[in-house]
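Morning, everyone. Please have the sequence and the model open while I talk. I will start with a sheet, then move to the metal site and the core.

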Amino acid sequence: MSREDKRLSRREMLGMAAGAGALTFCGDAASLLAQAPATPVFTPSIILGPFYPQIKLSEQDADLTSLAGRQQRAEGKVVYLKGRITNLKGEPVSGAKVSIWQANTHGKYRHNSDMNTAPLDPNFQGFGMQTTDAEGRYRFKTIKPGPYPAPVVGMRAPHVHFEVEAKHDRLITQMFFPNEPLNDQDHFLQFVKGLYREAVIAKPVPPIVGIEPEALTFAWDIVLISG
Ligand SMILES: [Fe+2]
């Protein structure tokens, strides 16, 4: 075997190292892996959709489950959504305006174009907004949205629409929930592949201390290109 044949390409070494498992690869491959840049994955954009609120309620805070002056909270499963917004360098994006809007637990939007016959929930805010803190963090309390039949594209998996307005970037996208049977059928999620698909699906995390015992907590970090 020639000296040339013995010399493995960087790609081959990385492949071998990956195949051998993270704990068993040889030193040379390990040093190559250490030098290899992590694949930067930004959060992909997904369509605004037809149900962006035309008329927003006056209350637009980060708790979508209750409205001032109403005794009852919104119907459905309470979920907390929390995450951190960073740029591709991993720097926190502070001061970004984060808006969310979504269907209620029955899969109905408060929107005149929503022809779904499911009921509206008078106690559900449907739209919320907040600004990221110095670490780029956001947090919303809301209701797990129901699936719904969308015009033309069929049943949508449960999702929350996000708009992030930062100093340099504006991102419009959608966050999905893990292990939802409809995720594999959702028209828009099918366009998002590989790491980018993973990037739009939230992760279940231990509940935030002190919240309602039956509530679920999901973490979803957002990566902007510049911030
Ligand atoms: Fe939607």
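Let's begin with an open sheet of four strands, in the order S3-S2-S7-S8, paired antiparallel. A word on terms. Strands here are DSSP runs of E, at least two residues long, and helices are runs of H or I, at least four residues long, numbered from the N terminus. Two strands pair if DSSP finds at least two bridges between them. The edges of this sheet are S3 (127–131) and S8 (170–176), and each of them pairs on one side only. On average, neighbouring strands of the sheet are turned by 20° against each other, direction ignored.

Two ground rules before I go on. This is a predicted model, so local features need pLDDT of at least 70 and side-chain atom pairs count only at pLDDT 80 or more, while totals for chains, interfaces and linings use all residues. Residues are numbered from 1 along each chain as its sequence is written, and side-chain values use heavy atoms, leaving out hydrogens and water.

Back to the sheet. S7 (residues 159–165) runs antiparallel to S8, and seven bridges join the two. Look at Phe162: Thr173 in S8 stands opposite.

Now the metal. Which residues coordinate the iron ion? They are Tyr109 (OH), Tyr148 (OH), His159 (NE2) and His161 (NE2), at 2.0 to 2.2 Å. A donor is an N, O or S atom within 2.8 Å of the metal, or 3.2 Å for Na, K and Ca; water is not among the atoms, so sites may look incomplete. In sequence, the donor residues follow the spacing Y-x38-Y-x10-H-x1-H. The tyrosine pair links distant parts of the chain: Tyr109 is in the loop between S2 (97–101) and S3, Tyr148 is in S5 (residues 148–150), and they are 39 residues apart. Both Tyr109 and Tyr148 are buried. Buried means under 20% relative accessible area, exposed means over 50%, and partly exposed is in between, with a 1.4 Å probe and protein chains only.

Why is the arrangement around the iron ion called irregular? Because the four donor atoms subtend angles of 93 to 158°. Four donors count as tetrahedral if all angles lie between 85 and 135 degrees; four count as square planar and six as octahedral if opposite donors are over 155 degrees apart and all others between 65 and 115; anything else is irregular.

Next, Ala96. Ala96 sits in the loop between S1 (78–87) and S2. Its relative accessibility is 0%, so Ala96 counts as buried. Setting aside neighbours within four places in sequence, its contacts include Gln130, Thr131 and Val164. Contact means heavy atoms within 4.5 Å.

On to S1. Eight of its 10 residues are buried, so S1 is largely enclosed by the rest of the structure. S1 has several partners. With S4 (137–143), S1 runs antiparallel over seven bridges. Val78 stands opposite Ile143 there. With S10 (residues 216–219), S1 pairs in the parallel sense over four bridges. Leu81 has Phe218 as its bridge partner in S10. With S11, S1 runs parallel, joined by three bridges. Asn87 stands opposite Leu224 in S11.

Now the core. The largest nonpolar core has 30 residues, and among those touching the most other members are Leu81, Tyr138 and Phe162. A nonpolar core is a set of buried Ala, Val, Leu, Ile, Met, Phe, Trp, Tyr and Cys residues joined through side-chain atoms within 4.5 Å. S1 gives the largest share of this core, five residues. Leu81 in particular is in contact with Tyr138, Phe162, Met175 and Phe218, among others. Another core, of nine residues, lies apart from it, with Phe176 and Phe188 among its members.

Last, the whole chain. How many helices and strands does the protein chain have? Four helices and 11 strands. Of its 227 residues, 43% are buried. Among contacts between residues at least 6 apart in sequence, 70% join residues at least 24 apart.

Methods: Axes fitted to C-alpha atoms, helices over the stretch in contact; angles between N-to-C directions.
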